Amino acid sequence: MSDLGSDFDDEDQGPYLGEYEGERNEKDERHGHGKATLPNEDIYEGLYEHGKRHGQGVYKFKNGARYTGEYKHNKKHGSGTFIYPDGSRYEGNWVDDQRHGYGLYTYPNGDIYEGEWQSHKRHGQGEYTYKETGSKYVGTWVEGKRDGAGELKHNNHRYQGLWVDDQTQGKGKYVFDIGCEQHGQYVPIEQNQVGDNEEEDAQPVMIPKWKAGEITAISQRNPAAEQLAEQRKAQEKDEDENEDNAEKEVENNEKTEVEQETPTIDEKSAEGRHVQCTH
């Protein structure tokens, strides 16, 4: 994924802002529709507000990239399409100059991702289609990686399960078009990975290995949902235990404070003797 092609920022470039043809306001600021050839030879044509790109516009980069869409205070913000120098293309929502919200990204190799984004990364629910094989992943993403419940669809079968840090992990099942499904789980196995340099020591890496279980007729059972429910239940149990422990700790602290404020038997006797002496 390419992020090449950052807009020229007028605020950081001193007094010379390139050549401009267009509307201005009473303060002689760029305001309204205009076209600017910037000092770095990028070209912007569109709307300005108080000297900043604001509203609909087209920004052509010297390196061949192009953005067509909405701006807010000099930053890509709203709906827009970005064509990158490597031929990849993003169509969707932007926030503060970053892909954020819902969008479709077409990669140089023809792969396509359509779904949610956050801070330039695939994040949330989304669908990734691999052009070479036709396989498709539909599920949860976290900071650019498959993470959570998902389904990987192939030509004649599909896998339903959980992903962690872009790898299959835990319970799942393979569903086959012939009318059956195989249950099982992916277990992390440590393997040595040889580096590019033969002199380098092999580095251990964790590889998920499928541990097959029973084969049954196709059912509505969802191992990923079951495992997530178990995890939530265990988390809730831990939270309840932590809450109980916290309450007990508060009770013990309060009890300790009361005991410290209450005189001991010897102190009471001393007080009694003191009172007797005063009569």
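Modeller: We may begin with Gln182, which is found in strand β15. Please keep in mind that this is a predicted model.

Colleague: Is Gln182 buried or exposed?

Modeller: A residue is called buried when its relative accessible area is under 20%. The relative accessible area of Gln182 is 18%, so Gln182 is buried.

Colleague: Which residue is joined to the side chain of Gln182 by a polar contact?

Modeller: The partner is Trp210; the contact between the two side chains is 3.0 Å. Trp210 is also among the residues that Gln182 touches, leaving aside those up to four places away in sequence.

Colleague: How does strand β15 (residues 180-193) pair with β14, and how many bridges join them?

Modeller: The two strands run antiparallel and are joined by seven bridges. β14 and β15 form a hairpin with three residues between them, and Gly179 in the turn has a positive phi of about 110°.

Colleague: What joins β14 to strand β13?

Modeller: Strand β13 (residues 157-164) and strand β14 (residues 167-176) are antiparallel and are joined by seven bridges. Here Trp163 stands opposite Thr168 in β14. These strands form a hairpin with two residues between them, and in its turn Asp165 has a positive phi of about 55°.

Colleague: Which residues does Arg146 touch?

Modeller: Not counting residues up to four places away in sequence, Arg146 touches Trp163, Val164, Asp165 and Asp166, together with Tyr130, Tyr137, Thr140 and Trp141. Arg146 itself belongs to strand β12 (residues 145-153). With a relative accessible area of 14%, Arg146 is buried.

Colleague: Where in the chain do Phe61 and Phe82 lie?

Modeller: Phe61 is in the loop between β4 (52-60) and β5 (66-72), whereas Phe82 is in strand β6 (residues 75-83). The pair thus links distant parts of the chain, 21 residues apart. Phe61 counts as buried, at 9% relative accessibility, and Phe82 is buried at 2%.

Colleague: Why is the pair of Tyr113 and Trp141 called edge-to-face?

Modeller: The angle decides the matter, since planes over 60 degrees apart count as edge-to-face. The planes of Tyr113 and Trp141 stand at 80°, with the ring centres 5.3 Å apart, so the pair falls into that class. Tyr113 lies in strand β9 (residues 112-118) and Trp141 in strand β11 (residues 136-142), so the pair ties together parts 28 residues apart in sequence. Tyr113 is buried, with a relative accessible area of 0%, and Trp141 is buried with 4%.

Colleague: Which charged end sits over the ring of Tyr113?

Modeller: That of Arg122, at 5.9 Å from the ring centre. Another case is Arg53, whose charged end sits over the ring of Tyr44, 5.7 Å from the centre.

Colleague: Which strands lie in that part of the sequence, and how do they pair?

Modeller: Strand β2 (residues 30-37) and strand β3 (residues 43-49) pair in the antiparallel sense over six bridges. Thr37 has Ile43 as its bridge partner in β3. Five residues lie between the two strands of this hairpin, and Glu41 in the turn has a positive phi of about 80°. β3 also pairs with β4 in the antiparallel sense, again over six bridges. There, Glu49 stands opposite Lys52 in β4. That hairpin has two residues between its strands, and His50 in the turn has a positive phi of about 50°.

Colleague: How many helices and strands are in the chain as a whole?

Modeller: The chain contains two helices and 16 strands. Of its 279 residues, 28% count as buried. The accessible surface comes to about 18,100 Å², and 46% of that belongs to carbon and sulfur atoms.

Methods
Residues are numbered from 1 along each chain as its sequence is written. This is a predicted model: local features need pLDDT of at least 70, side-chain atom pairs count only at pLDDT 80 or more; totals for chains, interfaces and linings use all residues. Side-chain values use heavy atoms; hydrogens and water are left out. Helices (H or I, at least four residues) and strands (E, at least two) are DSSP runs, numbered from the N terminus. Buried means under 20% relative accessible area, exposed over 50%, partly exposed in between (1.4 Å probe, protein chains only). Rings of Phe, Tyr and Trp (its six-membered ring) pair if their centres lie within 6.5 Å; planes under 30 degrees apart count as stacked, over 60 as edge-to-face and the rest as tilted. A charge sits over a ring if NZ of Lys or CZ of Arg is within 6 Å of the ring centre and within 35 degrees of the ring normal. Two strands pair if DSSP finds at least two bridges between them. A polar contact is a pair of N or O atoms within 3.5 Å; within protein, one must be able to donate a hydrogen and the other to accept it, and residues adjacent in sequence count only if both atoms are side-chain atoms. Contact means heavy atoms within 4.5 Å. Accessible areas come from the Shrake-Rupley method with a 1.4 Å probe; for residues, only the protein chains shown count as cover.
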